Amino acid sequence: MQKTMLKPVRLGVLRALCLVIAALFIAAECACLRPISVDSCGYVVAVGIDEGREREYEISLELQRESMGDAQPENGGAIILSCEAGDIFDAVNELASRIPYELNFTRVHLFIIGEGLARAGKLGEIFDFSFDVLRIRRSALIVTARSRVRDYIGGLAANNTANIAKMQDALIANVETTGETAAINVSLFLEGVRGGRFDAVTPLGYYDESIITDTKQHETAAKGENPVGDAEAGAGTGGMQGITRGSALFDGVRMCGELSAHETQLMNLVRGDFRRGSLSCELENGEEASLLVLLNKRSIQMELGEGGPKARVELRLNITVEREGPARLGEDWDAGAREGLKSYFEGELKRVFEKCRACSCDAMGFGRYASMKFYSTAEWEKYSWKEEYQGLEAEFAVELNLDDEYMIKSGG
Amino acid sequence: MKNGMKNGMKNGVKNGVNMRLGRIGAAEGASAALAAMAVSGIFTFETKLLYEHGNSTYITLPLSVLLSLGIFALAAALMRKSGSKNLGELYKRAFGLAAPLFAFALSLMAVYSAYAPLSQFVRAMHGLFFDGVSYSRIVVFTMPAVVFLALLGFEAIGRTARLITPLLIAVLAASTAASVSEFEAYRLYPLPGNTAWGMAVQVLEETCTFLPALLCLLINADGLNGLKTAERAGRRAAAAAALICFVSQLALALCYTYRELGELFMPMFRINYLNKFEAHFMRLDKLAHMMWLGGGMIAGAYYIYSAARLFAQSFEIRDIRPPALGGAALAALMIMIEVEGKDREAFLALKELLNGCGFLLLALPVLLAGIAAALRSKRGLTNAKNNA
Amino acid sequence: MKGFDRLLEKLNFDAPDGRFELFETEAGEPYEALRERKERSEKAGNGSKTGKAGMKNAEKSGISRSVERNERRFRAFFNADENSDVIFRRVDTWAGRDALLIYMNGMADAKTVSDFVIRPLTEGNGAGRIRGRGALESSVQIAEQERESRFFKVAEAIIEGRTALFLDGERTALLLETRGFDSRSVTTAENERVVRGPQEGFTENLRTSVTLVRRIVKTADLVVCYRSAGGKNGTGLALLYRKGVANEKLIAEIEKRLEAGSAKGARIVSSSGMIEQLIEDAPFSPLPQTLATERPDRVASFLMNGAAAIIAEGSPFALIMPATAAALLNSPEDVYMRRPLGTLMRAVRYIGVFISLILPGYFVAVAMYHQGLLSTEVLSTLIKSREMVFEPLPFEMILLLFVFQLIREAGMRVPGSVGQAIGVIGGLILGQAAVSANLASTVILIIVALSGLGNLCIPDYSTQIAASYFRLGFVIAAWLGGLLALTGALVCFAAYMADLKSFGVPFLSPIAPKTFSKRPMLLRGGIGRGGGKGGKRSGAFDGSEYAEYGADDWLNTPHKGGKGRFGRRRA
């Protein structure tokens, strides 16, 4: 009969010995890959670097505080650590010694740099040495702080910003809805620096001490006071003391200028980041009006001729004027308001462009379109866009349409 | 031992061997080859060299796959003509006594193909996941799965690949889809970024990344229900690999300019880093990386098994396990030399040389063997006719 | 060198694999094999008188006048040499004529046959012996009688449990209503409950259990072989399969293994679980290679598609073989529910199984090595919940998994309502107490509970236990090496399953290897025709659970559309 039964596996002594030796070797060699328990770490959610008063840098770290259900800590759900040091590693070492756990940078969402350092071009140095070593993700957003970075971070940590991850999302959402600030992460920043096709623009952060935070309201309300009604209360109440508006312009890694919130809106329109939202403008009669803008079409044509690069930016905007009654607006629109607004927009765009060009910052990203004219890397490398950008002539053509024009003209 | 071996051969290799070949179909064979090609085609490159002259990999890599497929088809046709059941047999017929030498060279290339992606993964693990852990520990954690799979045999490798390769592709697709919002056409420029000559050289050079996976199908053709199935599996794997390479490289090119790509290590891992909206799922790229690592393990096992099979067949070793263990040890050793070895520089120079002319090393012997075997079988037929 | 030879010998090198396997037939099979299959197919088509083809031939012919001839034909038809369930009883009647009784053991009531058919035929009825034509028929004391001259109709009646009486010289058979079996002892299937579908389960009585299957599989080709289970205590077992549908190589292999199991000389074999251990492919495998079920409908469903089943005396569980991963994960409920609902239930179960296996390990890996993967919210909650827990997180996970198993085990070993109470007390009070005592954190507790629920979704008990072993392995791997080790462990797990075979059939079919079965495993197929393309499978059986678990490609024998698989032993 054919031998057909499965031969049972017999683990011979020698074989078993080999397995044991192999297992022991593996255990001795690897043991574990250096685990750190989740509760043995302090999670840094924001890293701030500023000029130090006594030493070169002042480093501030915002750590996520543990929370459980309703038991939200009162002081903003964050711990802020700060110290001065010669470099970021010294600072990290010193700060780590102040807390009973290990610092973990894998959840950093915001990287804040002080204006002084940004203007001195220290960002490149910081990115080159610290980012990879500290394991900070390159998707972290960069903010340039005009106030002291420590204050700004403290302002962010107030009250309802226990979760910086959500704040990061809110900041990006702000770009789309208000257009008053820019958003850029480390990856994009480095692309701007290394790729040479655009320059980085970061959000600008301020610390406004006069704002009465929710925490303070709670505290004073508990004492029976009414801080909101107090005339000396300050500029506003509620929310954070850390405000992010406007943008910082960079030439490579060096901060070279800034744009106001309004200018940032216009820059974002050209970049296509701000697609729908409110925008204030000055009419011919000097009156200020608020417009609801919808970016309908955007195109940029680039020519790289003998006489230097020339760009033509065409924008088609649908607008709603929040100023007067519909019927009057309808009349005004054809009578000259359209032309007035058109020339206002074109002029403003040109002004913002020139402001950027003056500080050698290709904030609107014309270099991207210039690079699309090349079919070989050698030619592109030879071209040197940064130099050519200084001679760029940009023409802005804005086409305005009144949103729901027919309805407005027929009396709303 | 020699006697034992001889007796084994006398009784017929079939009765005394433990090659753990099994029998799998086209779907499993294609999955294994695809896992190997996809992993090699996305993760093994030294980006500095690959993107040195611009970004045209989304054109050159699919072309390399197609060129590999062409060589594979030619080799298969020659095998059919010479009546060889697998590549080892073809070598024997073609080179006679010199066959083991050529087989040894191809086995080494297969082990090298296993080392290449695994080394990248080990470096990625070290750099991105396990801070402050020695390379050797990471190798010790990576290699057991590869060895285990290689020892289980071709059938198990094929079936595991059939299980995991679709997941690998799904994860690749998901990562690519997640980065769609950050795609920018300007990053593709200068278009196509490379000179025609440069692209042609790149196509040839990168062929050695894809060809071994297809040749391994021919090494194990008898475990694939014959040459016909092996060919079908190769065609399917190559078509899918070309598509995957095209899509993933195009996605990378739309996310990063060539300058950045040249500086990024394993750029596919960073494909989601541009996303400003960092929802929780964007952070799961580490998980995706683990899926790719799983693909890398399968690829490694596939190459090592195939190398061991060819080696065992050529040197008449009747058990796959010693050569498979040897192959795995060699791959691990190469990884260690690359990351921590004293002779790292010499090794890297050798690696560069292999990357440059590996294509010739792989393709020429196969083609020569095919032609020689075909001629011999033709001569044999003529002699037989004359004798008759 | 000698020493080296010895070392190799000890390491078991050079030894052939020796595993039994059934061939899958893929489109790329070499020509030789195709030709062999064709030849076998033709042979089987001509030679076999069983199955549907046999039935069709037999249907054309009628009942013979000769009792001997009738017996011969019915013996051939019912495979009586192997199928001991069909009783052929020759009777010397009081009238001197030869008579033949054929009935199905278990389906027909033996007492009725004995008292009201055989006794009157041999002794005559009390009312006096009337001579002449029709006298014998009149003496049978069964009220419901029917004359039938067609062979197939008679066979059908026998399968249903009626008794056929053939008298020498008569061209018709008398079909006597003797159906009936003891049904009081049949109870509900406790361990495989379904909301819709049959509720009855096997009993410890072998005859009753076989009859329960026969009541569902009313085909002539169902063969029931009774034999010893192999123990010295003389327990019997029944091997059930469909002649002509089940792969002959598979049946031969099972019989050989049973024989070898007997030869092992176990002192006592008292349960199907012990038989399973005597015949399985890989004795050390945590995953079962047979499907143990207490549901006759499930066994019937598998038998209809060519699987084999073993029912042991004294055990209310049948073993179905071969078993694949899909078969072990599917529930009969999937088929009894409507298609969309069945698919949804199956999807939920698969997700549950996935969570059960992976989640604890994944969580440990992430919490110990890759904290960046956890969202800030989860991180802060987790840190808070573990603030006062003394043991390391992986140890906490293992401890809680152990406690979960403990509660489950305790709940199963104590009688009904008390067991349920233990589950509730264990789950609620113990969990709460563990958190209060700082022995466990809430997040880990939730993960263990989720994983435990997922584990309970697995319909097969052995697979549940196997899954919990693997889960523990993944947790340890994740503890040692984070996601790297977890990935390695998962690849090894997948490879192990890919390598595993149950009676020659790959454990992961129809996914790996991909089979002719066109349906994806997750989506439940339709009840009606059209499972395989080009009539590859008999449509009538496609709705069954078995058709979806993929092994049918290995099992149907050649005459069913030439899809035969041939056994071989691996060199």
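What is the mean pLDDT of chain C, and what share of its residues reach 70 or more? In this predicted model, the mean pLDDT (the predictor's confidence in each residue, from 0 to 100) of chain C is 78, and 76% of its residues reach 70 or more. The model as a whole scores ipTM 0.91 and pTM 0.84. Residues are numbered from 1 along each chain as its sequence is written, and chains are lettered from A and ligands numbered from 1 in the order in which they are written. Because the model is predicted, local features need pLDDT of at least 70 and side-chain atom pairs count only at pLDDT 80 or more, whereas totals for chains, interfaces and linings use all residues.

Chain C contains 20 helices and 14 strands, where helices (H or I, at least four residues) and strands (E, at least two) are DSSP runs numbered from the N terminus. Of the 571 residues in chain C, 49% are buried. A residue is buried if 20 or more other C-beta atoms lie within 10 Å of its own, exposed if 12 or fewer, and partly exposed in between, with C-beta atoms placed from the backbone. Among contacts in chain C between residues at least 6 apart in sequence, 69% join residues at least 24 apart.

The domain assignment divides chain C into domain 1 (51-176), domain 2 (206-325) and domain 3 (336-506); such bounds come from an automatic or database domain assignment. The centres of domain 1 of chain C and domain 2 of chain C, taken over C-alpha atoms, are separated by 30 Å. Contacts between these two domains involve 15 residues of domain 1 of chain C and 14 residues of domain 2 of chain C. On the side of domain 1 of chain C that touches domain 2 of chain C, helix H3 (51-60) and helix H7 (151-160) of chain C each supply at least two residues. H7(C) gives the most to this side, with three residues. The residues of this side divide into seven nonpolar, five polar and three charged, with Ala, Val, Leu, Ile, Met, Phe, Trp, Tyr, Cys and Pro counted as nonpolar, Asp, Glu, Lys and Arg as charged, and the others, Gly among them, as polar.

Leu165(C) lies in strand E5 (residues 163-167) of chain C. Leu165(C) counts as buried because it has 27 C-beta neighbours inside 10 Å. Not counting residues up to four places away in sequence, Leu165(C) touches Ala99(C), Leu101(C), Val140(C), Ala173(C), Leu174(C) and Leu176(C).

Chain A has 14 helices and 13 strands, and buried residues make up 43% of its 412 residues. Of the contacts in chain A with a separation of 6 or more, 72% are between residues 24 or more positions apart. All eight residues of strand E2 (residues 57-64) of chain A are buried, so E2(A) is largely enclosed by the rest of the structure. From E2(A), Tyr57(A), Ile59(A), Leu61(A) and Leu63(A) point one way, and Glu58(A), Ser60(A), Glu62(A) and Gln64(A) the other.

Two strands pair if DSSP finds at least two bridges between them. Strand E1 (residues 41-51) of chain A pairs with E2(A) in the antiparallel sense over seven bridges, and a hairpin of five residues joins E1(A) to E2(A). E2(A) also pairs antiparallel with strand E3 (residues 78-85) of chain A, over eight bridges. Leu63(A) is the bridge partner of Val44(A) and stands opposite Ile79(A) in E3(A). In chain B, eight of the nine residues of helix H6 (residues 87-95) are buried, so H6(B) is largely enclosed by the rest of the structure. H6(B) is followed by Gly96(B), whose phi is positive, near 60°.

Notes:
Two residues are in contact if their C-beta atoms, placed from the backbone, lie within 7 Å.
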